[in-house]
Amino acid sequence: MLGSGGISSWLLGFLQDHFQKPEDLASINSLTDRLKQEFGDHEIELLHLQRRLSLAVSSWISKSNDVGRILSGIESNHRCTFRDGTARPHEKILLVELPLIAKEVGRIQSIRFYAETALHLEILVGDLEDATLAMLKQVSRKKLENVLSKVSIQTQEIGWRLVKLLVAVKAVKDIEEILAGVAKSRPWWTNLLEAVDSRVEKALAILRPQCLIDYRILITSLGWPPSLSTTKLQKDNCMVMQQSFFLMQGEEKSRFSQSFSALCSLQQLQAMRDERASLLQRNQSAFNSSDSKDMGEVFSFFKHGLWPIDELVNLVALRMEYHFNRWFDQPHFIFALVHKTTQNFLDGVENNLQPLIDHARLLGCSAKEAWAIAMVRNLLGYFERQLFPVLVKDLYNKDADSEVSSSLLHVVDLMITFDKRMKILSTLGTHVTEAFASIEGLSIMSIFNERSDWLQIWAEMEVNDAEGKLKPMLEEERSWLEGFRNQGHSYEKEETFLLLSREDYKAPLMADSVLRLGWEMIERGLALPCAQRRKQFISSSANLFLSNFFNLLFERSRNFEFMDVSEDSQLLRVCSAINTACYCEHVLHYWSEDVNLNEMFEDEIMFLVKLQTDCLEVIATSLLLHFDDLCWNYVQDRKQWEIKQVDSDPDEDHLCISSGFIEALDMLQARIWFLNLNLNSHKFLDLWRSIAGGLDHFIFTSVPMSNARFSSLGVYRFRNDMKALFLIFKLFCARPEAFFPCTSNCLKLLEMNKKDAEQMLEVLSQRDMKPGECLRLQGLFHVSPAQSETILRNRIFGG
């Protein structure tokens, strides 16, 4: 029971018995000596009791071993049987009873091991609790003396508690080693593990706060923190730290080193305990390896810096916060102060604290990184409490203008730059360890980890800012066309189709502007330490911004579903949309190769692919419809193919292109050339092949398959017209007729002599044979037997 002021009833009674009058205060020294003597006597008695208990346990273990040897002899006798396989009567009894005896022996051995382990743990936990209780009694006694004599706590008393703390840390370390072995070999001893953990946690709950308090008192008494305004900071980066207390000698240096190491060890042990508990909860073994874990390996579990360095930084941060409040509207000064202060102390930290960390066996731990992390985390706390709530509140204000959003974006840019500078500082001259490379505390951008609403506001501000910068370009038509036309380009057969730059894709300059703005948002998003928040930000900013632009691009191209291909302006707009979409698709594929952006642009890429396909279909369809319209009379005039030649041997070279076909060919040649100049090579290749396929189908179905009859002169004229058509595509391939397969097969059938045509008809008319094989032997792969028969029957020989 506690009395008033948090003092136990027993202690109050004791004080009332010995200090009833003011005159009794004079005897305080003699009372103190008597209490110390009694305390020493009790410790001696406790040691005697522990020694007697150890002897008793040893005697019990010896007797247990004797019983085990006797039972082992019985087991060896049991193996002796008669040659015929029959057992003696007493052995039959043993066959029944021996398994029970063996089971009992195993149980006894398990109990013995459990008792030994529990006893050992009881001794260690007792040592831990005794050390903890001694620290509490000493602190309570000094509080009483301070009340009575008004004397402050002296550093000598901190040294006495430090000795007890080291004893407690050693006990915790030994306890954790035993518990680790139990967790590996006998994880079902949950009651023992939980009971010991509970008592150890109670002791640690007392030790850690007291250890931190003593550490703060100690470093304060040594002159920490130094002034931030001294001009010596500019002369020698480690001068201030060295002059503060790192040049101390003798007892002061020893006491600080012990206190620093004790805090490191205490944090190290706490990390090991947390990791063991976490693995046990997941039903996993924390110690699969036969080798014991090195104490330094658990440093990767420290997610919040190093305690003794954190305490040093916290006192410095209290002084810096005074300046932060003065520079609330000038955040660049805040970042500059934190960076400069961090830099000024780095050499002192490296030279004076790193040896202490190495002595504590925190392998892989860098004092410079721990210092930088602590500085960043203190600044992060200030931003979470003070700066960002005000910025967000101003954004929700109805009277807020663009300056507020610009202020937020400016702060974020400063944060990203600050993170980069701090990482350079903390790793300068050292190898970046995996432990700290994965710690989010080294990034001020981790402010968004727990505040997705702030992240969403930031993303919206980024999109609004980017669209504001892009808006003037979107409103000018020339921005969609400027920079992509290349009228001096001529198609060459040896072109490699390797597109690398915007000029290769013939995309407008605006495409580069859009992608640059999008990539700037992505780069800022990649500065977020949390992968989930990176994905959320990029989806809400860059992806949204690009999707809005692609939708606008789609609207521009959709207005010309039935466009007039003779209009250059309409054709240019669609070509510009195709080139822009193709270039953007290429860039998004390149971005997606980054592991951080994998699968983040799939929807946008699919949208761009469909947009390009739709636009190419619109161009090809409009061009074919226009071609159909111009040669309508040509394909309807079937009589022109039946004209007979007066001369017996017509001269094909003197035949002219059919008059009804010339205008359509001129239009086709002009538009194909225009598209060649204004489309990138990949998409133009797809387009002209699509147009060639459409023309092939149109001519084949409109002329030879329209029951038109062909005389010899008609065949020559039709072939001459087709040669002119093929010639338009001659610039783009060596054998353009290969892209008109149906028309080419039709010409081959029409050019057969009468005898071969009759034989072919005879084969095609015999349904029991395989006419398809006959056609393939003649190299006719793209006309069916029925189509071939129709063409051959419409061939007029002899005229």
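Residues count as buried under 20% relative accessible area, exposed over 50%, and partly exposed in between (1.4 Å probe, protein chains only). The model is predicted: local features need pLDDT of at least 70, side-chain atom pairs count only at pLDDT 80 or more, and totals for chains, interfaces and linings use all residues. Residues are numbered from 1 along each chain as its sequence is written, and side-chain values use heavy atoms, without hydrogens and water.

The protein chain has 29 helices and 0 strands. These are DSSP runs, numbered from the N terminus (helices H or I, at least four residues; strands E, at least two). Of its 799 residues, 44% are buried.

The structure contains 26 salt bridges, each a side-chain nitrogen of Lys or Arg within 4 Å of a carboxyl oxygen of Asp or Glu. In helix α29 (residues 785–793), Glu789 and Arg793 lie 4 residues apart, about one turn of the helix. Their side chains form a salt bridge (3.0 Å, N to O). Glu789 is buried at 13% relative accessibility. Arg793 is partly exposed at 46%.

Glu462 and Arg524 also form a salt bridge, with the closest N and O atoms 2.8 Å apart. This pair links distant parts of the chain: Glu462 lies in helix α14 (residues 452–474) and Arg524 in helix α17 (residues 509–526), 62 residues apart. Both residues are buried. Arg451 and Asp453 form another salt bridge (2.8 Å, N to O). Arg451 is partly exposed at 32% relative accessibility, and Asp453 is partly exposed at 35%. A network of salt bridges links Glu176, Asp197, Glu201, Arg273 and Arg276.
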